[in-house]
Amino acid sequence: MGNTHAAVNGVLLIDKPVGPSSNAVLQRAKRLLGARRAGHTGTLDPLASGLLVIGLGEATKFAETLLGADKAYRARVKLGERTDTGDAEGVVLGRSAVTVARGELLAVLDRFRGEIEQLPPLYAAIKHRGRPLYAYARRGESVPRTSRRIVIRRLELEKFEGDRVLLSIECSKGTYIRALADDIGMALGCGAHLAGLERTAVGPFRLGQSITLEALETLAPAERRERLLPPEALLGSRPRLTLEAPLAAKFRQGQAVSVACASGRVAVFGEDGMFLGTGEVDADRTLQPKRLVALH
């Protein structure tokens, strides 16, 4: 299969198990593929499983485009117990008897669909004065939290048995499913926490397209590379712009070029179909390079 030292560039979809951190999974995948660089497009807590989108090599330059993508989850919620972290790892703050009827639960779920304000949990990675909220929480310090506007595009009840609820959720970036579980528990009056979480989609990618680290490990190096999607897969439905050879050469050198194209962000390709990078076309129809692929 050619030179084993060829640069590894592409997108790897991993089904992360419960337990390890997203970074631990990332580092293992990087080693298995022999990539020089790797980055993911949004972490999963150690307790969460599911889809982790990893960019390898040149694809790391475009990973940030997915940070703002919608995500989908299956969330297991336990009613009757509220914790300080909003999930099963936290200290139980209070217990209540669960006497919730199905109709009552459905009515409460209705209130959380659409555009809502959400207060991030105490134990969150977002920062206050340069330090993550969880750093303050671990020291018992109280800091102000600011609610954020998020969008819950889909919130469906899959299963409801006693104090166990299974939800299917599609949401905007910045949504804390732990906070959603806690808020639902508060609205029901019995408290709740997130008992388990599986991410089923990130932007255009689905969990069904992913592979486990164990399965990846059993493959030969060449087969592992065949699992990679091209770096431009991270750009989803961004408009494609194809440049003729002379313009492509200028673009690759970081020069702005004139194009017959509507303004906006574009994924740029050469005539041979080679992905060259991203750019932005301004009102004067000038294509400004943004991020370029280093072609080897």
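**Helix H1**

Tutor: Helix H1 covers residues 22-33, and at 1.5 Å a residue its 12 residues should span 16 Å, which agrees with the 17 Å between its end C-alpha atoms. The expected span is 1.5 Å times one less than the number of residues. Helices (H or I, at least four residues) and strands (E, at least two) are DSSP runs, numbered from the N terminus. This is a predicted model, in which local features need pLDDT of at least 70 and side-chain atom pairs count only at pLDDT 80 or more, while totals for chains, interfaces and linings use all residues. Residues are numbered from 1 along each chain as its sequence is written, and side-chain values use heavy atoms, with hydrogens and water left out.

The buried residues of H1 are Ser 22, Val 25, Leu 26, Ala 29, Leu 32 and Leu 33; buried means under 20% relative accessible area, exposed over 50%, and partly exposed in between (1.4 Å probe, protein chains only). Seen down the axis of H1, these buried residues fall within an arc of 130°, so they line one face of the helix. The arc is that of the directions from the helix axis to the C-beta atoms. The buried residues of H1 pack against strands E1 (10-16), E2 (38-40) and E3 (48-56), and against helices H5 (213-218) and H6 (221-226); contact means heavy atoms within 4.5 Å.

Arg 28 is linked with Glu 214 and Glu 217 in a network of salt bridges. A salt bridge is a side-chain nitrogen of Lys or Arg within 4 Å of a carboxyl oxygen of Asp or Glu. The structure holds 16 salt bridges. After H1 comes Gly 34, with a positive phi near 70°.
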